[in-house]
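Colleague: I am new to this structure. Please take a close look at one part, the packing of the helices, and then place it in its surroundings.

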Amino acid sequence: GGRGKELMSPQCSVSGVYHVFESVAKKYDVMNDSMSLGIHRLWKDWLVRHMNPTPGTQLLDVAGGTGDVAFREQEGSLVGSKAVICDINKEMLKVGKEKSLRLGYSEGLSWVAGDAEELPFADEKFDVYTIAFGIRNVTHIETALEEAYRVLKPGGRFLCLEFSKVNNPLLARLYDLYSFQVIPVLGEIIAGDWKSYQYLVESIRRFPPQEEFKEMIEDAGFFKVTYHNLTSGVVAVHSGFKL
Ligand code: SAM
């Protein structure tokens with residue numbers, strides 16, 4: 001049945017990542033909550049508090065998925081800010097758009113299908129660029145960072161929320177156990193999709209640690225690059241400015 005198809009997609013298609021998210025789009029929000037025990041909500045809250053949006057802010061949320069970051073930004077900026085949610089997967093955008101109508105966030109939002117490596121936007125259009133749990137999935141991270149730089153206005157800010165390297169040895173061991181033993185099982189039980197969640201865990205391991213990623217952001221041209229670890233580095237928020 002459906003399970004066979006989902007097992008095949010990540011390995012057999014040209015664009016594996018696309019199919020991974022297509023197969024989980026509908027259950028995406030449920031999975032996020034169960035796998036992170038709800039903590040992803042606090043990380044996203046932190047990201048948007050750190051962004052400190054104002055009424056005029058033009059936000060671009062890349063790999064925005066079902067809109068979690070953009071919804072929070074709309075709340076934080078109170079009135080009048082505009083956010084564009086860009087994602088390569090139309091299914092994710094569709095789920096997000098439906099959610100925005102349900103939650104009453106639809107006014108300032110637009111939903112655009114597009115690739116982080118080739119953003120469908122003019123130069124210097126946005127005040128803030130966010131990417132939450134997205135850059136890890138992009139094939140050429142350097143290209144995505146260059147695109148982020150291109151679409152930001154001078155003075156604009158880059159903010160990235162991503163899994164990172166845990167800096168507490170005890171927590172690191174528990175986290176390893178949880179990642180390799182629990183997450184794929186949960187993926188199978190809740191979404192019927194072991195492979196996608198194994199991919200998730202592996203992609204987290206492959207992603208560069210805090211300092212290395214910081215250097216990549218600097219190499220793309222950003223200034224004043226800093227990062228904050230959250231939950232002992234389970235995730236980190238990197239920030240940089242275009243001057
Ligand atoms: N930002 C959302 C959140 O935090 O809930 C969604 C994160 S989800 C783990 C990753 C998203 O990245 C998926 O919606 C996927 O479609 C998208 N994605 C993967 N590769 C992409 C690319 N090259 N360009 C744009 N989006 C991409």
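Modeller: Helix α3 passes α8 in a right-handed crossing. A crossing is right-handed if the near helix is turned clockwise from the far one by less than a right angle, and left-handed if anticlockwise. This is a predicted model: local features need pLDDT of at least 70, side-chain atom pairs count only at pLDDT 80 or more, and totals for chains, interfaces and linings use all residues. Residues are numbered from 1 along each chain as its sequence is written. Helices (H or I, at least four residues) and strands (E, at least two) are DSSP runs, numbered from the N terminus.

α3 covers residues 28-35 and α8 covers 169-191. Their axes come within 11 Å and cross at roughly 145°. Axes are lines fitted to C-alpha atoms, for helices over the stretch in contact, and angles run from 0 to 180 degrees between N-to-C directions. Val30, Met31, Ser34 and Met35 of α3 meet Ile183, Leu186, Ile190 and Ala191 of α8. Contact means C-beta atoms, placed from the backbone, within 7 Å. By class, this contact has 7 nonpolar, 1 polar and no charged residues. Ala, Val, Leu, Ile, Met, Phe, Trp, Tyr, Cys and Pro count as nonpolar, Asp, Glu, Lys and Arg as charged, and the others, Gly among them, as polar.

α8 also packs on α9 (residues 194-206), at about 145° and with the axes 7 Å apart. That crossing is right-handed. From α8, the residues include Phe180, Ile183 and Leu186. From α9, they include Trp194, Tyr197 and Ile204. The contact of α8 with α9 has 9 nonpolar, 4 polar and 1 charged residues.

Next, α4 (residues 39-51) and α5. Their axes come within 9 Å and cross at roughly 45°. That makes α4 oblique to α5: angles under 35 degrees count as roughly parallel, over 145 as roughly antiparallel, 65 to 115 as roughly perpendicular and the rest as oblique. The crossing is right-handed. Lys44, Asp45, Leu47, Val48 and Met51 in α4 meet Asp68, Val69, Arg72, Glu73 and Gly76 in α5. These residues divide into 4 nonpolar, 1 polar and 5 charged.

A residue is near if its C-beta atom, placed from the backbone, lies within 6 Å. Ala63, Gly65, Asn89, Ala116 and Ala132 come nearest among the 20 residues around the ligand. The shell holds 11 nonpolar, 5 polar and 4 charged residues.

Now the sheet. It is open, has 7 strands and mixed pairing, and runs in the order β3-β2-β1-β4-β5-β7-β6. Strands pair if DSSP finds at least two bridges between them. β3 (109-113) and β6 (223-230) stand at the edges with a single partner strand each, so one side of each has no neighbour in the sheet. The twist averages 15° from one strand to the next. β5 (residues 152-163) and β7 (235-241) run antiparallel, joined by 7 bridges. Glu162 stands opposite Ala236 in β7.

Helices lie on this sheet as well. α7 (residues 141-151) lies across β1, β4 and β5, at about 145° to β5. α10 (residues 210-219) touches β5, β6 and β7, and its direction makes about 155° with that of β6.

Note on methods. Two residues are in contact if their C-beta atoms, placed from the backbone, lie within 7 Å.
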